There are 2 protein chains.
Amino acid sequence: MSEEVPLRDQILEISRHLLYEEGYKSLSMRKIAKQADVSATSIYLYFENKDHLLHTLIEESVEDLSRFIEKRALPKTDSIERFKAITKSYVEFGLQQPEKYEIIYKVRSDSMARYPKEKFRKARRAYELLVKTIEESVRQGLMEVDKPVVAAYSIWAQLHGVVSVVLNKRLDSRINQEQFIEESIEHVVQGFLIRTTVS
Amino acid sequence: MSEEVPLRDQILEISRHLLYEEGYKSLSMRKIAKQADVSATSIYLYFENKDHLLHTLIEESVEDLSRFIEKRALPKTDSIERFKAITKSYVEFGLQQPEKYEIIYKVRSDSMARYPKEKFRKARRAYELLVKTIEESVRQGLMEVDKPVVAAYSIWAQLHGVVSVVLNKRLDSRINQEQFIEESIEHVVQGFLIRTTVS
DNA sequence: TTACAGAAGTTAACACCGTTAACCTAAGCG
DNA sequence: CGCTTAGGTTAACGGTGTTAACTTCTGTAA
């Protein structure tokens, strides 16, 4: 009859929340434990150490992001349509689930050094989907890109820029937010489609 | 006759180096102090606290980046030429001075929350120069961009992506590095110049 | 010459941190 | 009934940022 949320999941949720609310630096095992009403050492029953806990958090977020994008993009058969769906859903995810989205970029740097490459690659399904979509578009003569792997990286960076501006509320107050988002995505997309120079 | 490098500057240099070499997490006041052959508390004679020390480090890096870009871009009178010079020198700086460049992005997130906005804005001269250059190009009918502030942000993000790939040696081994850099910059630039769609 | 002020450093201590080792306790099972 | 195991606990380690109180040197004014 009880709720029975496993402690492991509680820890993850509390950590994610604390991370979003108070930042990485003030996140401590003891603080997490206190919120879960448990001793600090109990966390070590489920996670090797603090880094591993953070990695799990990242992994979860990346997994969710991938699933989110796949759900919207995979059904599209037209490669350009799929390309657009990927970019659009990436931004949507960031705006709808900032707690999860920010973890992907916030924690990084430091704990990331020891983040096992294998897992990283495995989790980046969305990125790989983007690469494949670009490759397909190139084959169909709809895009001109000589290194899809690199182009995908660049697109990711651009989209992250868009999401960041909005999440950090750095948007000029005169700019309409939704319009900004739509136009930004459109610009990212258009930047990669086949066109000719005027002169 | 002695060298007489002020302790304050020594601390900054040691910190920058440790940060680059061992990452943010393992950077401690005591470790810095030991390398400077001084007690840990001496650092507090020159910096309010650890955050402030990091802010100073960031500020220095951003200042250097700005100067680097200005030196190469300001002489150009043609707005498109200036635009190209900005993008090119941004990437150059990142590759030539990775210790300084990485600090700008590495530390961020956490200490950044309390980073005074004023200083931040003041230091981003390079960013502002880019915005002005875009605005000028738009006035001259050479670019089609409706929010230069946003476009500049996007360009920054793209360039950062390029630098990151190279610095982290994530570049596919079959790709020629210099060619990659040149083409990437070119793509960023072209993405903002006036063109028409083929169909 | 002496008295004093300020600069540049020190030591000792506090509260907090991640992590380990050793211990406890209840549940399930042969 | 006894044993194992899962899921916790407490106590302790060495390390951390930071503070308060102190020393020690250097220049200057009386």
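How do the residues of the surface near DNA strand D divide into nonpolar, polar and charged? They divide into six nonpolar, six polar and three charged. The legends below describe a predicted model, in which local features need pLDDT of at least 70 and side-chain atom pairs count only at pLDDT 80 or more, while totals for chains, interfaces and linings use all residues. Residues are numbered from 1 along each chain as its sequence is written, and chains are lettered from A and ligands numbered from 1 in the order in which they are written.

**View 1. The surface near DNA strand D.** DNA strand D is surrounded by 15 residues, and the closest are A:S39, B:S28, B:M29, B:N49 and B:K50. A residue is near a strand if its C-beta atom, placed from the backbone, lies within 6 Å of it. Helix α2 (residues 29-36) of chain B gives the largest share of this surface, three residues. Helices are DSSP runs of H or I with at least four residues, strands are runs of E with at least two, and both are numbered from the N terminus. In the division given above, Ala, Val, Leu, Ile, Met, Phe, Trp, Tyr, Cys and Pro count as nonpolar, Asp, Glu, Lys and Arg as charged, and the others, Gly among them, as polar.

**View 2. The surface near DNA strand C.** Around DNA strand C there are 15 residues, the closest being A:S28, A:M29, A:N49, A:K50 and B:S39. Here the largest share, three residues, comes from helix α2 (residues 29-36) of chain A. Six residues of the surface near DNA strand C are nonpolar, six are polar and three are charged.

**View 3. Chain A as a whole.** Chain A has ten helices and one strand. From the N terminus on, its elements run α-α-α-α-α-α-α-α-α-α-β. Of the 199 residues in chain A, 30% are buried. A residue is buried if 20 or more other C-beta atoms lie within 10 Å of its own, exposed if 12 or fewer, and partly exposed in between, with C-beta atoms placed from the backbone. Among contacts in chain A with a separation of 6 or more, 65% are between residues 24 or more positions apart. Two residues are in contact if their C-beta atoms, placed from the backbone, lie within 7 Å.

**View 4. Helix α3 against helix α4 in chain A.** The axes of helix α3 (residues 50-73) of chain A and helix α4 (residues 79-96) of chain A come within 9 Å and cross at roughly 140 degrees. That angle makes α3(A) oblique to α4(A). Axes are lines fitted to C-alpha atoms, for helices over the stretch in contact, and angles run from 0 to 180 degrees between N-to-C directions. Angles under 35 degrees count as roughly parallel, over 145 as roughly antiparallel, 65 to 115 as roughly perpendicular and the rest as oblique. The crossing of α3(A) and α4(A) is right-handed. A crossing is right-handed if the near helix is turned clockwise from the far one by less than a right angle, and left-handed if anticlockwise. On the α3(A) side the contact is made by A:L65, A:F68, A:I69, A:R72 and A:A73, and on the α4(A) side by A:R82, A:A85, A:I86, A:S89, A:Y90 and A:F93. Eight residues of this contact are nonpolar, one is polar and two are charged.

**View 5. Helix α4 against helix α10 in chain A.** The axes of α4(A) and helix α10 (residues 177-190) of chain A come within 10 Å and cross at roughly 140 degrees. The two helices are therefore oblique to each other, and their crossing is right-handed. From α4(A), the contact takes in A:F83, A:K84, A:T87, A:K88 and A:V91, and from α10(A), A:I181, A:I185, A:V188 and A:V189. This contact of α4(A) with α10(A) has six nonpolar residues, one polar and two charged.

View 6. Most residues other than glycine have a negative phi. A:D37 is not a glycine, yet has a positive phi of about 60 degrees. A:D37 lies in the loop between α2 and α3 of chain A and is exposed, with 9 other C-beta atoms within 10 Å. B:D37, also not a glycine, has a positive phi of about 60 degrees.

**View 7. B:I43 in its loop.** B:I43 lies in the loop between α2 and α3 of chain B. With 22 other C-beta atoms within 10 Å, B:I43 is buried. Leaving aside neighbours within four places in sequence, B:I43 is in contact with B:I11, B:M29, B:I32, B:A33 and B:L53.
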